[in-house]
Amino acid sequence: MTSHSALPERAGRTCHNVINPFHSTHYFAPELAAEMAKAGVDDARAGYFVCRSAAMGAVGPGTVAATFYNFKYELIARHLPEVWQKTTPQDVLDARLRAADATLRRLLGDEAVTSPEMAEAAELALRAAEAGTRRARPLYAAHADLPVPEEPHLAYWHAATLLREHRGDGHLVALLDAELDGLEALVTHTATGRGMSPRGVLATRGWSEEDWQAAQERLRTRGLLDGEGQLTEAGVRLRKDLEETTDRLDRAPYEHLGAAGVARLTELATGFTTAVMNAGAFPAALFGK
């Protein structure tokens with residue numbers, strides 16, 4: 001393993017930021033809805049809950065609320081555990097992989113999917129992901145127990161999933177330490193101008209306008225938001241500290257890969273993610289302020 005100082009500051013975060021959207025494409029794709037319906041799950045929200053949690057088994061709403069962090073428990077409980085009467089975790093995992101395959105082939109085309117660059121990206125990302133730690137990381141640990149798909153684009157997608165969940169699990173530790181609940185985390189993140197818009201959050205996470213306003217008021221009481229819903233200096237500092245803590249907890253995969261490997265993976269991932277975004281992988285209405 002290379003030393004801490006060998007990796008440029010924020011190199012791991014930069015790499016993650018271009019890998020993560022590649023994983024996320026299938027959540028917004030019609031292929032996922034179609035495959036989940038074949039597996040017995042015809043509600044889109046139920047489909048998201050089960051396809052992301054299936055690696056952990058037929059878990060209930062408590063486990064999903066704990067590991068996803070920012071969804072309203074009542075929304076999850078509306079679908080789980082009832083949906084597991086219609087399908088199994090293995091059927092869901094199989095459907096998810098088929099959906100990822102079809103989505104990436106549509107967005108990228110067969111030439112990119114079978115390219116040497118895709119195989120190289122898969123090899124580098126898998127090498128990084130193998131250095132992830134399982135302790136206190138339930139979503140990463142569960143996905144790390146799954147077999148690696150043979151086809152390079154699916155192997156890369158699987159590795160992207162591992163790297164996403166590894167960072168995400170660590171981020172929840174940082175949020176808990178900062179004493180932000182799930183909705184407060186969303187409100188502060190949205191206030192940075194990144195991620196989902198308030199409209200996108202309310203449309204997908206189960207929270208109401210009243211919930212959102214109450215969370216804003218709690219954050220104002222802590223001096224983290226101003227009257228217009230923007231981050232105060234303290235709020236900006238908190239979000240900066242959160243990301244730095246997340247970086248620190250997520251450094252093992254990128255240190256393991258080394259500076260040159262991270263730079264090359266970032267270059268390859270940027271190309272593939274730019275391509276899927278240009279192909280319309282994400283609905284613009286849900287993102288940004």
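This is a predicted model: local features need pLDDT of at least 70, side-chain atom pairs count only at pLDDT 80 or more; totals for chains, interfaces and linings use all residues.

User: Let us begin with helix packing. At what angle do helix α1 and helix α16 pack, and how far apart are their axes?

Analyst: Helix α1, residues 11-24, packs on helix α16, residues 259-278, at an angle of about 30 degrees, and the two axes are 8 Å apart. Angles under 35 degrees count as roughly parallel, so α1 is roughly parallel to α16. The crossing in which α1 passes α16 is left-handed.

User: Which residues make this contact?

Analyst: From α1 come Ala11, Thr14, Cys15, Val18, Ile19, Pro21 and Phe22. From α16 come Val262, Leu265, Thr266, Ala269, Thr270, Phe272 and Thr273. Sorted by class, the contact of α1 with α16 has 10 nonpolar residues, four polar residues and no charged residues.

User: May we apply that reading to α8 and α10? How do their axes cross?

Analyst: The axes of helix α8 (residues 116-129) and α10 come within 8 Å of each other and cross at roughly 30 degrees. By the cut-off of 35 degrees, α8 is therefore roughly parallel to α10. Here α8 passes α10 in a left-handed crossing. On the side of α8, the contact is made by Met118, Ala119, Ala121, Ala122, Ala125, Leu126, Ala128 and Ala129. On the side of α10, Pro152, His153, Ala155, Tyr156, His158, Ala159, Leu162 and Leu163 take part. The contact of α8 with α10 divides into 14 nonpolar residues, two polar residues and no charged residues.

User: Is His158 buried or exposed?

Analyst: Burial is read from the relative accessible area, and a value under 20% counts as buried. His158, which is found in helix α10, has 6% relative accessibility and so counts as buried. Apart from neighbours within four places in sequence, His158 is in contact with Leu126, His143, Leu146, Pro147, Val148 and Pro149.

User: Where is Thr114, and how is it placed relative to Pro152?

Analyst: Thr114 lies in the loop between α7 (110-113) and α8. A relative accessible area over 50% counts as exposed, so Thr114, at 57%, is exposed. Thr114 and Pro152 are 38 residues apart along the chain, and their C-alpha atoms are separated by 7.2 Å. For another pair, His158 and Leu75, the separation is 83 residues in sequence and 27 Å in space, C-alpha to C-alpha.

User: How many residues of helix α3 are buried, and what covers them?

Analyst: Helix α3, residues 44-53, is mostly covered, as eight of its 10 residues are buried. The buried residues of α3 are Ala46, Gly47, Tyr48, Phe49, Val50, Cys51, Arg52 and Ser53. Their cover includes α2, α4 (61-68), α5 (73-77), α6 (89-108), α9 (138-144) and α10 (152-177).

User: What describes a pair of aromatic rings?

Analyst: Two values describe such a pair: the distance of the centres and the angle of the planes. With pairing taken as ring centres within 6.5 Å, the count here comes to 11 aromatic pairs. In one of them, Phe28 and Phe282, the ring centres are 5.5 Å apart and the planes stand at 75 degrees, so the pair is edge-to-face. This pair links distant parts of the chain, 254 residues apart: Phe28 is in the loop between α1 and α2 (30-38), and Phe282 is in the segment after α16. Phe28 is partly exposed at a relative accessible area of 30%, and Phe282 is partly exposed at 21%. Ring pairs also link Tyr27, Tyr48, Phe49, Phe68 and Phe71 into a cluster.

User: Finally, which residues does a cis peptide bond join, and where is a positive phi found?

Analyst: A cis peptide bond joins Leu80 and Pro81, with omega at about 0 degrees, and Pro81 lies in the loop between α5 and α6. Tyr69 is a residue other than glycine with a positive phi, near 75 degrees. Tyr69 is in the loop between α4 and α5 and is buried, with a relative accessible area of 16%. Glu179, also not a glycine, has a positive phi near 60 degrees. Glu179 is in the loop between α10 and α11 (182-191) and counts as exposed at 63% relative accessibility.

How values were computed
Residues are numbered from 1 along each chain as its sequence is written. Side-chain values use heavy atoms; hydrogens and water are left out. Axes are lines fitted to C-alpha atoms, for helices over the stretch in contact, and angles run from 0 to 180 degrees between N-to-C directions. Helices (H or I, at least four residues) and strands (E, at least two) are DSSP runs, numbered from the N terminus. Angles under 35 degrees count as roughly parallel, over 145 as roughly antiparallel, 65 to 115 as roughly perpendicular and the rest as oblique. A crossing is left-handed if the near helix is turned anticlockwise from the far one by less than a right angle, and right-handed if clockwise. Contact means heavy atoms within 4.5 Å. Ala, Val, Leu, Ile, Met, Phe, Trp, Tyr, Cys and Pro count as nonpolar, Asp, Glu, Lys and Arg as charged, and the others, Gly among them, as polar. Rings of Phe, Tyr and Trp (its six-membered ring) pair if their centres lie within 6.5 Å; planes under 30 degrees apart count as stacked, over 60 as edge-to-face and the rest as tilted. Buried means under 20% relative accessible area, exposed over 50%, partly exposed in between (1.4 Å probe, protein chains only).
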